[in-house]
Amino acid sequence: MASDTDLWRGTDYGWWLAADTSGAVGASLIAFAVPLIMLATTGSSAAATTTESICVVVQTVLGLAGGVIQDRYDRRTLMLIWGASGVVLSAVAAAAVMLFGNAPKTSGHGVNGANAPAFGGPYAHVLPIALLCIVVLFSVRDGLLENTSNAMLRGVVPDEQLPHAMALNDARDSTVTLAGGPLGGLLMTVGHAVPFLTSAVLSVLGVVSAWRIRRYWKRATVDDSGHSGNADDAADDAIDVSGAITAAPRWRDALDGMIWLLHDRFQRHLIIAATMVTGASNAFLLLTALDISQGGSQLISAGFINAASAVGMLLGALMASQLVNRVPGGVLVGVMFALLAAGFTGAALVPSMVGKAIFVACSVLALPAGNAVLGGLSNILVGKDKLGRVGAGSMVLQYGAYGVAVALAGWGMQTIGYGPTCLILATVLVAAAAYALTMRSLITLPTPDRWAEHIQRWGIAQF
């Protein structure tokens, strides 16, 4: 079994993590600042949410093309392009805020009287249009390139270290989620352009860190059909699942990952359960934030539940790296689904917001370990030259589920109320858990050192 020293000193994982973290923090700051500025300049919460919807659509649609790009071209080069474009776009956004919103009003009020930054001056009306254009460009960049670092990870870390690395990534993500809001708020008190300037600096750090990555998997050559020159990864780009699908034409390359996820029984079972969890849980969190905001509470902020979720994820991530190599993967995944179902059901039933936060925090405790198991297994099942397309396919399905769930939940909250709608969402999570746990090939998954034997025993398809 490889040690922590092997991960940090024997690979370039440290540089990869620095590059990926720089991008994650920068994106978190921008995601915090843009809605507040849009709300302050337009006075409309609908404008802020519509901007988010447009960005999700653009990123999701382009994600399929991004998967092909990430599989066809050198991923280190793509990470450098992603970071460099972040520098430019963040700097342009900062310049737009300083140019068109440089005359702040003495006070501003957001929805339900909540304080929000306000802008004045003769060109203040131009700022929301400029920001919309900039964040759409960010979404284009993210759709094409954001998943590159995830696709690259397997080429940086040995297969046996993937679960541990992914557990560390979950801890990092939780920390970014927990700190992103307060940090963004602090920076905005200094100046409304400061979050964007900080993002630009972080993007520079990301470029430098990505440039330092030297030990990673990459194609030696690529022929006109997109085949890798590496002997170990020269599998045909077309999907071959028990001979059912062969010789897919080039125009279908972008859909290869999604087709594989939906065609193979094992992967289809997982992706359906994952989309149900992603859609229902995130819709639950959003509805709760809206309910708090509409209630006008001055004691509990609308971000309290998300913060509780981040705390639970962080605690779970601290335990995950020790569990994945000691506890059978099927047990960890089973506990993950069971806790999600039980925790969100409890959160839907308890009336106290503090109680809801406690249930939500407990519900995600096993999520980092379960993600580490499923993510590590998926990276072994998928060839290094196809990780981009599979990641893109998964993103489209789960983002799509999120969009549908949020739309239906919003309608439900308006017609039958917050409480009943959250109970319905909790029921969806219970159904997802029941659906996932009926698959014996999943719940009998052993520790990572025996995954190869398990894959062969159950005939789990590889891509």
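At roughly what angle do the axes of helix α9 and helix α15 cross, and within what distance do they come? In this predicted model, the axes of helix α9 (residues 256–263) and helix α15 (residues 387–415) come within 7 Å and cross at roughly 70°. Angles from 65 to 115 degrees count as roughly perpendicular, and α9 and α15 are therefore roughly perpendicular to each other. The crossing in which α9 passes α15 is right-handed. On the α9 side the contact is made by D256, G257, M258, W260, L261 and L262, while α15 contributes R389, V390, G393, S394, V396 and L397. Sorted by class, the residues of this contact are seven nonpolar, three polar and two charged.

**The chain as a whole**

The chain has 463 residues, of which 51% are buried, and its secondary structure comes to 18 helices and zero strands. When contacts between residues at least 6 apart in sequence are considered, 79% of them join residues that are at least 24 apart.

**A second pair of helices**

Two packed helices are described by the angle between their axes and by the distance between those axes. Helix α2 (residues 13–42) and helix α4 (residues 75–100) form another pair, with axes that come within 12 Å and cross at roughly 25°. Because angles under 35 degrees count as roughly parallel, α2 and α4 are described as roughly parallel to each other. Here the crossing of α2 past α4 is left-handed. From α2 the residues W16, A19, G23, I30 and I37 take part, and they meet M79, W82, S90 and V97 in α4. This contact of α2 with α4 holds seven nonpolar residues, two polar ones and no charged ones.

**Nonpolar cores**

In soluble globular proteins, nonpolar side chains tend to be buried together. The largest nonpolar core of this model has 79 residues, and the members that touch the most other members are Y13, W16, V157, W260, M336, F337 and L442. W16 belongs to the contact of α2 with α4, and W260 to the contact of α9 with α15. M336, for its part, touches A366, L367, G370, N371 and L374, when residues up to four places away in sequence are not counted.

| Pair | Separation in sequence | C-alpha to C-alpha distance |
|---|---|---|
| L187 and A33 | 154 residues | 9.4 Å |
| V25 and R172 | 147 residues | 9.9 Å |

L187 is found in helix α7 (residues 162–190), and at 14% relative accessibility L187 counts as buried. Leaving aside neighbours within four places in sequence, L187 is in contact with L29, V194, P195 and T198. V25 is found in helix α2, and V25 touches V176 and L202, again not counting residues up to four places away in sequence.

**A buried histidine**

Which helix holds H454, and is H454 buried or exposed? H454 is found in helix α18 (residues 451–458), and at 4% relative accessibility H454 counts as buried, since buried means under 20% relative accessible area. With residues up to four places away in sequence not counted, H454 touches S441, T444, L445, P446 and I460.

Notes
Residues are numbered from 1 along each chain as its sequence is written. This is a predicted model: local features need pLDDT of at least 70, side-chain atom pairs count only at pLDDT 80 or more; totals for chains, interfaces and linings use all residues. Side-chain values use heavy atoms; hydrogens and water are left out. Axes are lines fitted to C-alpha atoms, for helices over the stretch in contact, and angles run from 0 to 180 degrees between N-to-C directions. Helices (H or I, at least four residues) and strands (E, at least two) are DSSP runs, numbered from the N terminus. Angles under 35 degrees count as roughly parallel, over 145 as roughly antiparallel, 65 to 115 as roughly perpendicular and the rest as oblique. A crossing is left-handed if the near helix is turned anticlockwise from the far one by less than a right angle, and right-handed if clockwise. Contact means heavy atoms within 4.5 Å. Ala, Val, Leu, Ile, Met, Phe, Trp, Tyr, Cys and Pro count as nonpolar, Asp, Glu, Lys and Arg as charged, and the others, Gly among them, as polar. A nonpolar core is a set of buried Ala, Val, Leu, Ile, Met, Phe, Trp, Tyr and Cys residues joined through side-chain atoms within 4.5 Å. Buried means under 20% relative accessible area, exposed over 50%, partly exposed in between (1.4 Å probe, protein chains only).
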